[in-house]
Amino acid sequence: MRTNQPQTIYLSEYQAPAYLVDHVSLRFELFEDGARVHSTLSMRRNPAAMQSGSTLELDGDSLTLESLALNGQSLASDEYRNEGDKLVVPTVPEAFELTVVTWIEPQNNTRLEGLYKSSGMFCTQCEAEGFRCITYYPDRPDVMARFQTRVEADKSAYPILLSNGNPVEQGDLENGRHFVTWEDPFPKPAYLFALVAGDLVEKRDTFTTCSGRNIDLRIYVEARNARKCDYAMDALKRSMRWDEEVYGREYDLDIFMIVAVDDFNMGAMENKGLNIFNSSCVLASQDTATDAAFQRIEAIVAHEYFHNWSGNRVTCRDWFQLSLKEGFTVFRDSQFSADMGSPTVKRIEDATLLRTAQFAEDAGPMAHPVRPASYMEISNFYTLTIYEKGAEVVRMIHNLLGAELFRKGSDLYFDRHDGQAVTTDDFVKAMEDASGRDLGQFRLWYEQAGTPVLAVSDHYDEVQGVYRLDIRQSVPDTPGQSGKKPQHIPFAIGLLDSEGQPLPLNMGAEDSNGSFERVLELTETQHSFEFHGVKERPVPSLLRDFSAPVRVHYPWTREQLLFLMSHDPDGFNRWDAGQKLAVDVIQSLVDAPQGTEIEPRLVEAYRLLLNDTELDQALVAKMLLLPSEAYLVELSDQADVPAIHAARERVLDHLARALRDDLLACYQRNAGQGDYELTPAAIARRSLRNTALAWLLHIDDEQGRALAVEQYEQADNMTDRLGALRALVNSGFESERTRALAAFFERFQDDPQVVELWFSVQASSDRAGQLPQIQALLEHPAFDWKNPNKVRSVVGVFAGQNLAAFHNPDGSGYRFLADQVCRLDDSNPQIAARLVSPLTRWKKFSPQYSSQMKAALERIRDKTELSRDVYEVVHKSLAD
Ligand code: 0A1
Ligand code: ZN
């Protein structure tokens, strides 16, 4: 796996597989000192393959080959070549059976790819290329086979033995061992293979599908987590119903299982019939999970379930097509979450993530198209671009076609390609065929990297009553791509008169269409749109509902933003106007002299918001949150993070002081009423209350202190308890902070998910998360280098969320991160490569910072034996 000069793989060099696998029969013998894997592959030459010759090549990684047989005849050592990552059999017949026996060591697998052990149980992670760590196999998604899997293990240590599909046989063996055999009738690529063996309890339920079939639903967890599965089970049933109702997709096997594991590199995995989840993405209870965690669990359960169709029944031809399943599935889960809660709030959350983090990726050294053209290590391409921007691209198709034609398109796609491994182009083609629309230019969204920029200016002709919008589109250069073509951009707009009333949008002297909102379709570099019959200069509302993942530049005045903040009928743009105003005010304070006045109208706008009980309270709660430091950094050139941090703090401080009484009133008004509920209204109430509390403690308000201590002690749910803890940690009340942190740990030390919250509250705080404190957290007995969640909650949160501390002008934060990356690179390269991310955008920062960030990257580059994962990120980041 380690190499000095990893190879680049190109989409343009794709070739169909030379041999196909019709059936795989696996037998796992699981022991404490290793596992023996017997694999029998029924293979035949692929009639569609271009290659001639009869050489078979199988992928393998970290395997010990014990035996190899062709059609039952054992192969002598000169009849095959073991080339480390490839097993080559120079001559095979047209159709044959290959039997491979390998020995692996799951107990020593710290990469968490392939078969490994987590908290005493065996589990697998095979996407993208983990199956080759289990046995030799054509480990590529366009080889789809039917799997039968027999799992054998000690019965008392591993009473539960699971794999994909339906259980078909089970029984006892000698020496206290037992076995279960599973059969999956649906052909699948090896990346969807899964196996679990452990001492787990089972939570059961059932679901009756639209055609009346009864599906057995099971969630498997360690006994101590038995009471934390109800929410995920409920979310699963809601997802199953929703996918039937909205997409006409019925579940296909007789059983659907979820297993929670503590050590997992990502959030969760959609293995056929046997989803494996990071514990933090499935386990929840009122007293241990925040509202945000419940929402995340709902979304991830839905996401993995939806993959059963978008990903499993129809899968990807190659890993360049990853967004085929991920972009579409994220779009589906975001529609689901919108339907379960507030569509506007969900849109705000999605757009925030996109603008803060995906735009940054698109502007950095790892920028790549939604369908990349090349990669070194595919694990590095599970990115915000593939997932989030990919989902935006599907959303734009949905909006261009309308819900009905989009559904026709998705039906055609699932019908036409069921059981196949296909491309993003096949997806777009199905949408075109079903709708009759030409998406030729639209396909550029898949091919061109970078965030398109729309420079908008306007002109009002009072005499003619004509208002004109001039829009210029450009797509910035990205590594390896320049001179880009204009893209097809749906640009939703509205116009408001001075009373805040929407104006009819008539786009020519004869047009009397009269609609109040239009989606302008931008296809050229330059467009002018005229609106007729406009009696006064209107205020434009641009890119409503974030209709495309683009940056819009328009010379907003503060008056216009204040106006939109309270009048725009588009909830998203109301929120966005507030964000723009706050950004403008904060930016004007960066490096401004001490006494510079803070925009008084901002205070009044926030006062109105705080006291607005008419507007959707979930939207109010979002509007009260100031733009994050990460977003402010993303919007600036040559960022000086401590200066941005100081300016944002000043505004927060000023607002909190000026609005103290309003904050107290808001806090009291939103006090918990009766029993804990997870309704949108109750979630909004808790959010408002905790924001008010955070602001009060930000200015070390005495009454706030008493409220926080009381809330901490009385809370009947984790959202409120953590809200109080966070507020105290970020306050200047040192003894309360220390006491609350100790009490929290004492109370929850046996619950890994809550301990992760405890770590991240400290690691994200500029008061409790300076470098020496972070180093102390790494020494804490609850910290564990082998557990990705723990690493993320301390190191990842420090570098990604505690920006002022990480960007310490002395460069200590950067050196620290480089050291941790080097340390992790040996044990878990996927996690190490993800942690590098905050350093990759070094060019974005002012010279004092960028030179030290670059030096930290060089420090990683110079480590001996760098993994391919970290190599790719570091070398691309350092390239000119
Ligand atoms: N397909 C999963 C994400 C996933 C990807 C890679 C993994 O291991 C390297 C694990 C999970 C999803 O989209 O949920
Ligand atoms: Zn996914």
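A residue counts as buried when its relative accessible area is under 20%. By this cut-off Y554, at 10% relative accessibility, is buried in this predicted model.

**Aromatic pairs**

A pair of aromatic rings is described by the distance of the centres and the angle of the planes. Searching the whole structure gives 45 aromatic pairs. Two of them are set out below, each with planes over 60 degrees apart, the cut-off for edge-to-face.

| Pair | Centre distance | Plane angle | Class |
|---|---|---|---|
| F131 and F193 | 5.3 Å | 70 degrees | edge-to-face |
| Y554 and W556 | 4.5 Å | 65 degrees | edge-to-face |

The pair of F131 and F193 joins distant parts of the chain, its members being 62 residues apart. F131 belongs to the loop between β11 (121-125) and β12 (145-154), whereas F193 belongs to the loop between β15 (177-188) and β16 (195-198). F131 has a relative accessibility of 0% and therefore counts as buried. F193 likewise has a relative accessible area of 0% and is buried.

**Charges over rings**

Aromatic faces also meet charged side chains. The charged end of R317 is placed over the ring of Y14, at 3.7 Å from the ring centre. R705 lies over the face of F733, with a distance of 4.5 Å to the centre of that ring.

**Nonpolar core**

The largest nonpolar core comprises 285 residues. Within this core, the residues with the most contacts are L30, Y137, F427, F491 and F531. For F427, when neighbours within four places in sequence are left aside, the contacts are L324, F328, V394, I397, Y413 and Y446.

How values were computed
Residues are numbered from 1 along each chain as its sequence is written. Chains are lettered from A and ligands numbered from 1 in the order in which they are written. This is a predicted model: local features need pLDDT of at least 70, side-chain atom pairs count only at pLDDT 80 or more; totals for chains, interfaces and linings use all residues. Side-chain values use heavy atoms; hydrogens and water are left out. Rings of Phe, Tyr and Trp (its six-membered ring) pair if their centres lie within 6.5 Å; planes under 30 degrees apart count as stacked, over 60 as edge-to-face and the rest as tilted. Helices (H or I, at least four residues) and strands (E, at least two) are DSSP runs, numbered from the N terminus. Buried means under 20% relative accessible area, exposed over 50%, partly exposed in between (1.4 Å probe, protein chains only). A charge sits over a ring if NZ of Lys or CZ of Arg is within 6 Å of the ring centre and within 35 degrees of the ring normal. A nonpolar core is a set of buried Ala, Val, Leu, Ile, Met, Phe, Trp, Tyr and Cys residues joined through side-chain atoms within 4.5 Å. Contact means heavy atoms within 4.5 Å.
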